[in-house]
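Open the model in your viewer and keep the selection tool at hand. The stops below run from one side chain to the next.

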Amino acid sequence: MILHTGDFAYNMGDDDGRVGRDNDGRTHLIIACKRGRTVTAQVLLDNHHAPAYANAQDTKGLSALMHACRSGYLDTAKLLLSYTKKEG
């Protein structure tokens, strides 16, 4: 499934729930959060069916939340935290 956000077109992974990743193990959510794309992150969180998507880590063990915090994107980090509360 391809998701168009106006900013990027994301391949959401296979229909069986597998998540697409780049060579560094980053999901589209991780990339969006690292770049401070809060709206894109919200769309990805709302449209992805993999239950562990928000907590996925790259090959260095960093999650989307960690990338958002390290890059200084407070609004994006708050979004991820609110999503975690809804899911947990």
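Start by selecting H67, which is buried at a relative accessible area of 6% (buried means under 20%, exposed over 50%, partly exposed in between, with a 1.4 Å probe and protein chains only). The model is a predicted one, where local features need pLDDT of at least 70, side-chain atom pairs count only at pLDDT 80 or more, and totals for chains, interfaces and linings use all residues. Numbering runs from 1 along each chain as its sequence is written, and side-chain values use heavy atoms, with hydrogens and water left out.

H67 belongs to helix α3, residues 64-70 (helices are DSSP runs of H or I, at least four residues, numbered from the N terminus). Now show its contacts, meaning heavy atoms within 4.5 Å. Leaving aside residues up to four places away in sequence, H67 touches I30, K34, D58 and L62.

Select L62 next. This residue sits in the loop between α2 (38-47) and α3 and is buried, at 14% relative accessibility. Which distance separates the C-alpha atoms of L62 and R26? The separation is 8.8 Å, for residues 36 apart along the chain.

Finish at K34, in helix α1 (residues 28-34). K34 is partly exposed, at 36% relative accessibility.

Terms used. Helices (H or I, at least four residues) and strands (E, at least two) are DSSP runs, numbered from the N terminus.
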